[in-house]
Amino acid sequence: MVSLCLSRDWRATRGRVRDIVGKEWLRPLRALREDLLTFEYGPVLEGTGPCRIFWDAHGFDVAECVLGEILPRVAARDHLVVMHDLADARYAPPEKALYGHGLWKGGNLGLGPSLRLGHIDSAVEQSVSILDFTSRNEILLNSADHSFHTELGSDQTKVSEMKAAIGEELFSLSAHWFWFTLNGGPGEYTFPRFRRPNAFHQWARRMRARTAARCRHLCGMCR
Ligand SMILES: C[S@@+](CC[C@H](N)C(=O)[O-])C[C@H]1O[C@@H](n2cnc3c(N)ncnc32)[C@H](O)[C@@H]1O
């Protein structure tokens, strides 16, 4: 398992996770402090075995990289892409549909305004990119909430078994993630073009992020 992140957060989290799951559980993990947009994917994605992608870094640039650089490399293999921070509005409480705030205008804050696209409810940019991608390629975009409610929720025996296995406290039918695969789809796919950012683009990106963070800090209007 290879995990890529810009931050050093895993250093702090690692010990706490290890205390719960044990050292062995973490052995297959290579947690690298790397930029997804400049990482060399060839070596880690070579091979033909099943491949699972957990996508939890936000923004249009990352979405372009996942859909245009990573996905074409695994499209012919058994693969599954899981995306965090998207909720299924069909299973959300009705008050979640109310605005109570201005429009979502881009960004990835997770708090404040969110966006409704069909039954996707999200506050992160890749929700737009993924709906665009799956619509163009005519593939299904599935929610874990839907699977949980339809495959688990109506079966009390399964619910009881699961609660017994993981504990009442951890059991929930709200997942907050969607998934898709190109396996079993039409076969001919279109992918967005991805270009690795050069040094200037990387500097400009850092400046934009810094300015946005400062603006949020100073005026509080961005939320
Ligand atoms: C919502 S957090 C999720 C982190 C982790 N999955 C967790 O649950 O703790 C989003 C993470 O994406 C990372 N990220 C954003 N852009 C990135 C990029 N271009 N390359 C690598 N990581 C990136 C950020 O550093 C941030 O830690």
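Good morning, colleagues. Please bear in mind throughout that this is a predicted model.

I begin with the domains. The chain is divided into two parts, domain 1, residues 1–34, and domain 2, residues 35–219. Their C-alpha centres are 21 Å apart. Where the two domains meet, domain 1 contributes four residues to the contact, and domain 2 contributes four residues as well. On the side of domain 1 that touches domain 2, three residues are nonpolar, one is charged and no residue is polar.

I turn next to the ligand. Which residues surround the ligand? They are Leu4, Cys5, Leu6, Ser7, Asp9, Asp35, Leu36, Leu37, Asp56, Ala57 and Val62. By class, this shell comprises seven nonpolar residues, three charged residues and one polar residue. Both domains take part in the shell, since at least three of its residues come from domain 1 and at least three from domain 2.

Finally, I would draw your attention to an open sheet. Its four strands are arranged in the order S3-S4-S9-S8, and their pairing is mixed. Which strands lie at the edges? The edge strands are S3, residues 51–55, and S8, residues 142–143, each of which pairs on one side only. Strand S4, residues 79–84, and strand S9, residues 177–180, run antiparallel and are joined by four bridges.

Thank you for your attention.

Terms used: Residues numbered from 1 in each chain as written. Predicted model: local features only at pLDDT ≥ 70, side-chain atom pairs only at ≥ 80, totals over all residues. Near = placed C-beta within 6 Å. Nonpolar A, V, L, I, M, F, W, Y, C, P; charged D, E, K, R; others polar. Domains from an automatic or database assignment. Contact = placed C-beta atoms within 7 Å. Pairing = 2+ DSSP bridges. Helix = DSSP H or I, 4+ residues; strand = E, 2+ residues; numbered from the N terminus.
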